[in-house]
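Open the model in your viewer and keep the sequence beside it. This short tour tells you what to select next and what is there.

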Amino acid sequence: ITCKNTEQIPERDGQESGTQKRAMLLPTYPFGYAVLAVSFAWRTGWKIMMQQMAPASKGSYKRANSAFRNVVGEDIDFPIEAGRYHLYVGWGCPWAHRTLLARALKGLHDVISVSFVAPSDYGLWAFIEEADPVNGCQDLRQVYRLASPNYSGKSTVPVLFDKRSGQIVNNESADIVHMLNTAFNTLATNSSLDLYPPHLRHEIDSLNDLIYDNVNNGVYKCGFAQTQAAFDEAHDALFDALDTLDARLATSRFLFGDTITESDVRLFPTLIRFDAAYATLFKCNKKRIADYPNLFEYTKDVYQLPGVAATCNVDRVKQEYFGTLFPLNPSGIVPPGPLVDFTSPSTRQQRFTQ
């Protein structure tokens with residue numbers, strides 16, 4: 001399917017005697033040009049789709065800011081009340097997973113209800129496997145517009161929804177985790193757990209910045225990078241951060257000693273998804289989490305805390321990442337592996353409580 005175009009090249013000093021030939025591979029009509037046309041069309045379409053799905057600046061992915069930032073207990077319209085609020089989440093989303101973790105760790109199952117959405121074929125979070133128990137909506141965009149008819153931004157998870165007023169309280173995961181830890185603490189069955197203790201707040205904030213920028217968002221900056229330079233920068237920052245965290249966890253059970261904190265709640269959702277999705281689909285393949293002696297045992301340790309396993313669904317994570325991120329996986333084929341056992345005994349609790 002190719003032909004060679006050769007031309008004479010004069011001899012030069014230091015070169016072998018005789019005539020050298022330069023071969024130029026040219027596509028043969030029609031197959032070669034069809035490949036070029038399809039390649040051009042696909043790359044152009046890919047860039048358009050990526051820019052819509054993951055807006056970038058100079059090839060680097062930029063996450064949009066959250067639009068709803070009300071606070072339960074501080075805003076008069078949203079008082080602290082059991083049974084009044086509802087969480088909309090998705091199994092695949094690590095940001096939504098944070099809120100599920102905080103709800104489970106604090107013991108707020110009977111205080112805040114939850115329902116799950118899943119990515120639809122038309123690009124929205126939709127109620128596919130279960131109906132919307134609060135508003136009867138078909139997808140999350142309808143929930144957003146029900147609360148704010150003129151809303152034109154992205155309809156993301158998580159969403160903390162006020163069932164009484166029909167308003168969205170907040171759609172920023174960090175804010176929601178803070179509220180679950182503090183505003184709802186008097187209603188929690190595990191009220192003694194403080195994910196954000198006053199004496200550690202400055203250090204937690206500092207570590208959270210590293211975790212967010214280089215790990216939580218870092219994997220997305222790798223997966224959604226639109227240039228090699230942007231990918232290389234994000235990839236290096238990601239694995240530098242993972243090396244730092246692995247070293248930190250060599251001397252303490254959790255990121256801040258023997259008690260789980262907000263930093264752990266932020267890190268765990270990325271770790272539990274890493275080998276299953278990010279290492280392959282997002283090309284974060286320098287090392288697996290299973291290759292890190294401390295990070296892997298730490299992931300198992302957190303997974304085995306009471307209530308945490310119920311917030312994880314790795315099969316659904318793979319289905320939602322591989323099955324719906326069309327620009328990254330056009331075939332929609334979902335791989336069966338890797339098979340990671342998070343239930344095998346972890347030695348960290350015994351190791352750090354002796």
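**First stop: a covered strand**

Select strand S7. Both of its faces are covered: Tyr 85, Leu 87 and Val 89 on one side, and His 86, Tyr 88 and Gly 90 on the other, are all buried. Buried means under 20% relative accessible area, exposed over 50%, partly exposed in between (1.4 Å probe, protein chains only). Strands (E, at least two residues) and helices (H or I, at least four) are DSSP runs, numbered from the N terminus. In a regular strand, side chains alternate between the two faces of the sheet.

This is a predicted model: local features need pLDDT of at least 70, side-chain atom pairs count only at pLDDT 80 or more, and totals for chains, interfaces and linings use all residues. Residues are numbered from 1 along each chain as its sequence is written, and side-chain values use heavy atoms, without hydrogens and water.

**Next: the neighbours of S7**

Four bridges join S10 to S7 (residues 85-90), and the two run antiparallel. Strands pair if DSSP finds at least two bridges between them. Find Leu 87 opposite Leu 160, then Tyr 85 opposite Asp 162.

S8 runs parallel to S7, with six bridges. Here Ile 112 is the bridge partner of Tyr 85.

**Then: the whole sheet**

Show all five strands. The order is S9-S8-S7-S10-S11, in an open sheet with mixed pairing. S9 and S11 (167-170) stand at the edges with a single partner strand each, so one side of each lacks a neighbour in the sheet.
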